[in-house]
Amino acid sequence: KMTQQMRDLQLAQARKPPGPSSPNAAKRLYRNLSGKFRVNYTSFDEGSLAGRGEKEKLRKSYLFQSNAALFEAVELQDLDRVQELLKQYSPEELDLNTPNSEGLLPLDIAIMTNNAPIARALLQAGAKESPHFVSLESRSLHLSTLVREAEQRVNELTAQVVNEAPNADCSEKEKQLKAWEWRYRLYKRMKAGFEHARVPDAPTNVHLSVASSSSVQVTFWEPLSVNSAVVTKYKVEWSCSPTFSPPLGEAVIDKLKNLHFTIGGLVSGTAYYVQVSAYNMKGWGPPQASVPPFAIPSNWREYDGRAPRRRGQAEALDHLLGQVKTVHQHCICHEPCKNQPQSRKHSVSKSLKHLFHPGSKFLKTLKRGLYLTAIFYKDDNILVTHEDQIPVVEIDDTYSCLLMQDFLWFTKVSCMWDEILWLRQCVTVSQSSCSCILQTRFKMLLAISQMQGLLGIQDLGQVFFEPVKDKQGNILIVTLKEVKTNQTFESVRWVPICKLQTSRKSVSSPEEPTALDMLLISVQDKLAYHQRSSHALSPGLYLGYLKLCSAVDQIRVLVPERLPNILCHVKIRSNPNISREEWEWLQKMVSVDEPVPAEPEAETSQNHLFQELQVAIKELMTLVNIPLQEAKDFRLYSQEVLDFGGQVSFLLLLPPSDDVCTAPGQNNPYTPRSGFLTLPLQIFELGEER
């Protein structure tokens, strides 16, 4: 068929030499012939575009260029070019899964020439095999036809070149002959690749685990054999019988970025057997049974029927807050504040332009006292006032020693930026008591309202875990917020951080810098902390290390600098669920008198978890710089699995009882290496919730 199309095109050109050929024929030839020859022998494509306008040429180029370039790169086995095109264009722009006039797709050419790297790159991009190949016989017949027609065309052109006298037409036929000889060799190589291929071996490392009370997950690797053709899909089968008779279901996986599959809709407490087989152009290979051979959907909570700890807590807190608001709604303490919402609304509507208003109440310098500063940043730029100062407002000019309890109260308030006005009204009623604590906290609320009004922004971001203090008695509470939107504001000045640091004229000595100077010096570290504290863990089961140290007024917890909102940890596995059988084994392990219990039976989920825990404990001990021999005195927290959103769960590793919390003045014999810090426990809890 392809040869007949090319013959018709050639006859049409012979009858009408000056005119353009059929656009459809030109399109087919553009795809069929390698770009190697399209570049040098222009009669196949440029002739079909002769006489067309520039606009039509650009349109045709857009439609054909990316697809033709991909076919060319695959045919020439140019892996770098294939990867470049897959990165540059979407599958739709590449027309990745639309067969050409020969019924071939880029993936067909790659697997039949046995080019595994290109085939894998195409598969990961979503490429599929041609739907024309419904059986081995149809593929073999199709390849034989392509080879035969290409050979026939080569013979015809060879005879014409030999018999015709040298002229322009003869030169053109020689170019066509070279192109068809190259294509003939390509088809022969594809046919030989198909004939020598065999069905794939079974997948390796087929592992079965319990994903939930109603699902199991199977993971696997590619077959080890390198002699068979590239695997293009996998089949997962499951049954309640070890003989898979009758089968309960199957699923075909043709998206090969991640070789795993979750089987859902299962019955809790029922054993399910799973096997996986691989497919290539020669058919399905033998199945490989999973290890362990079966899994029973369950969850660790089923061991004692425990309900999730956080179920309904958020709703209960919202309901409680609503009740408190209702009680205070008609309180007499709200009468003096009835006019305040208008000023608040007015200040919010002013937007950020008040940063540059001469009458703004941002401070230039600090006196002895307590202050609030808000850092807004975007990329490497920071928001400053009209005087190139970080926004600072005063909280209390008579407060020179910030109590930890006041600071922790402020961090809790940061979870309610939208409720500051209401909180001010509630605190006002207690002013008659002349409580220093309440007065300080009321001033904190006033400062927050002032900052919100001047900036025109309610959400001031996250509080940095410790205030900035200098020797002059100044204390800065710092909030951090990243501006990710592309919204622009009139008269707003974003200044590069490095420029702000170099242009600021310090009024203090290097030996005794002011709190503002200290803030500017360390601003990159604070921004890095803020960004890292918002990172989330990938789904999985983790082993965490709980280590506390106490001071006079606080308890601090050890965390890694790269993820300060999470305990020190290592990943155990990608599956976050712990089954009932695994949890039951863990309970027995922690309750025995022997420090090392007997190893569980082979080919069970408990044995797999046992091996994973051994690896994780060694890695965690190395991470926190504790000798491995000390791990024998450590304990697994066996009361519960810490669950974070259903996708991340933690088992906790605890030091001996006397070493869980280091007392003031007590030396820790094993100091963690660099890359760790200690956070106040309440700050850590707030960061964890965020």
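How much accessible surface does the chain have, and what share of that surface belongs to carbon and sulfur atoms? The accessible surface comes to about 35,500 Å², and 53% of that area belongs to carbon and sulfur atoms; areas come from the Shrake-Rupley method with a 1.4 Å probe. The model is predicted, so local features need pLDDT of at least 70 and side-chain atom pairs count only at pLDDT 80 or more, while totals for chains, interfaces and linings use all residues. Residues are numbered from 1 along each chain as its sequence is written, and side-chain values use heavy atoms, with hydrogens and water left out.

**Overall make-up**
- The chain contains 22 helices and 24 strands (DSSP runs of H or I with at least four residues, and of E with at least two).
- Of its 690 residues, 46% are buried (under 20% relative accessible area, 1.4 Å probe, protein chains only).

**Nonpolar cores**
- The largest nonpolar core has 74 residues, among which Leu372, Ile375, Leu476 and Ile477 touch the most other members (a core joins buried Ala, Val, Leu, Ile, Met, Phe, Trp, Tyr and Cys residues through side-chain atoms within 4.5 Å).
- Helix α16 (residues 436-455) gives the most to this core, contributing eight residues.
- This core lies between domain 3 (369-534) and domain 4 (540-591 + 603-689) because both give residues to it; the domain bounds come from an automatic or database domain assignment.

**An open sheet**
- Four strands form an open sheet with mixed pairing, in the order β23-β17-β18-β24 (strands pair if DSSP finds at least two bridges between them).
- Strands β17 (residues 548-550) and β18 (residues 555-560) pair in the antiparallel sense over three bridges.
- Cys549 stands opposite Arg556 in β18.

Notes
Buried means under 20% relative accessible area, exposed over 50%, partly exposed in between (1.4 Å probe, protein chains only).
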